[in-house]
Amino acid sequence: MYQNIDELVHAANQLAGLTLAELAERCGIMIPSSLRREKGWIGQLLEFALGASAGSKPQQDFPELGVELKTLPIANNGIPLESTFVCTAPLLHQQKITWETSSVHHKLSAVLWIPVFGDRQQDIASRMIGNPWLWHPTAEQEKIIRQDWEEIMELIALGKVESISARHGEALQLRPKAANGQSLTPAIGGEGTIIQTRPRGFYLRSSFTRELLHMQFYL
DNA sequence: CAGTGATCATAG
DNA sequence: CTATGATCACTG
């Protein structure tokens, strides 16, 4: 598809300024009236438009380029509306995972952020694609994320998953990630027992992506 | 009214 | 179930 990252970034730049209605029309995709039942629709539209490998592979969107694609919903006041899902959290057999081999580190090593402007109540069609940018964590950013990750992973290893709330972590937080509250997955419980708990995922706080935006466009 | 905890669609 | 893509919606 793309010979190098520059070609991908160039292609993404061509989409800046388009409304979602314009992009959806180009792609021959119908626009849902609400994201209520299709929360990932915008992300999937951008994946399709840029030719990312579809499907549910536990890999980056552009494996040969080592790049992850993420849309970032931005309110018209310029602030991210939502946190950003990174990956699911390993709750079992995670003792062998180090920061260097973790999915969080892998997924966040290179991210092509695509801002999508529009307030929550704004219709989807009129939301506009902004200027994308390729992000590699700075040493300082990686340090913060790594510390959050290590604290959370230690609590998981100690059998304290259920005591971890979304308040933990400066940039990276742990939250439920499941179809519903009935979903269960095994995890380490107290005294090394195995318990069933809600699947969790790692998310980047919107306060963190807000800083990324600021560094990219206002510094 | 921001942020946490819950939830939706789809593929394998 | 897990993975992908995320936003919804209740609560403090």
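This is a predicted model: local features need pLDDT of at least 70, side-chain atom pairs count only at pLDDT 80 or more; totals for chains, interfaces and linings use all residues.
The largest nonpolar core has 30 residues. Inside it, V104, W135, I145 and F202 are the residues with the most contacts. Strands β1 (68-74), β2 (84-88), β3 (111-117), β5 (133-135), β6 (172-176) and β9 (200-204) each give two or more residues to this core, as do helices α5 (139-157) and α6 (206-217). Helix α5 makes the largest contribution, with 6 residues. Apart from this core lies another one, of 27 residues; L23, L46, F62 and I124 are among them.

Take V104 as an example from the largest core. What does V104 touch, if we leave out residues up to four places away in sequence? The list is V86, C87, W99, I145, W149, L172 and F202. Two residues on that list, I145 and F202, are also named among those with the most contacts in the core.

Next, the largest pocket. Its volume is about 1700 Å³, and 44 residues line it. Nearest the centre are K39, G40, G43, T71 and F85. Helix α3 (41-50) and strands β1, β2 and β6 each supply at least two lining residues. Which element gives the largest share of the lining? That is β1, with 6 residues. By class, the lining has 17 nonpolar, 15 polar and 12 charged residues.

Last, the salt bridges. The structure holds 4 of them, and I'll go through some. K70 pairs with E68, with the closest N and O atoms 3.6 Å apart. Are these two residues buried or exposed? Both K70 and E68 are buried.

The others I want to show share R146. The side chain of R146 meets that of E100 at 3.8 Å, N to O. E100 sits in the loop between β2 and α4 (103-107) and R146 in helix α5, so this pair ties together parts 46 residues apart in sequence. R146 also meets E150, at 2.9 Å, N to O. These two are about one helical turn apart, because they lie 4 residues from each other in α5. Together, E100, R146 and E150 form a linked network of salt bridges. As for accessibility, E100 is exposed, at 51% relative accessible area, while R146 is partly exposed at 33% and E150 is partly exposed at 35%.

Terms used. Residues are numbered from 1 along each chain as its sequence is written. Chains are lettered from A and ligands numbered from 1 in the order in which they are written. Side-chain values use heavy atoms; hydrogens and water are left out. A nonpolar core is a set of buried Ala, Val, Leu, Ile, Met, Phe, Trp, Tyr and Cys residues joined through side-chain atoms within 4.5 Å. Buried means under 20% relative accessible area, exposed over 50%, partly exposed in between (1.4 Å probe, protein chains only). Contact means heavy atoms within 4.5 Å. On a 1 Å grid over the protein atoms alone, a cavity is a set of points where a 1.4 Å probe fits but cannot get out, and a pocket is an open set with protein on both sides within 12 Å along at least five of seven lines; lining residues have an atom within 4 Å of a point. Grid points are joined across faces, edges and corners, and a volume is the space filled by probe spheres set on the points. Ala, Val, Leu, Ile, Met, Phe, Trp, Tyr, Cys and Pro count as nonpolar, Asp, Glu, Lys and Arg as charged, and the others, Gly among them, as polar.
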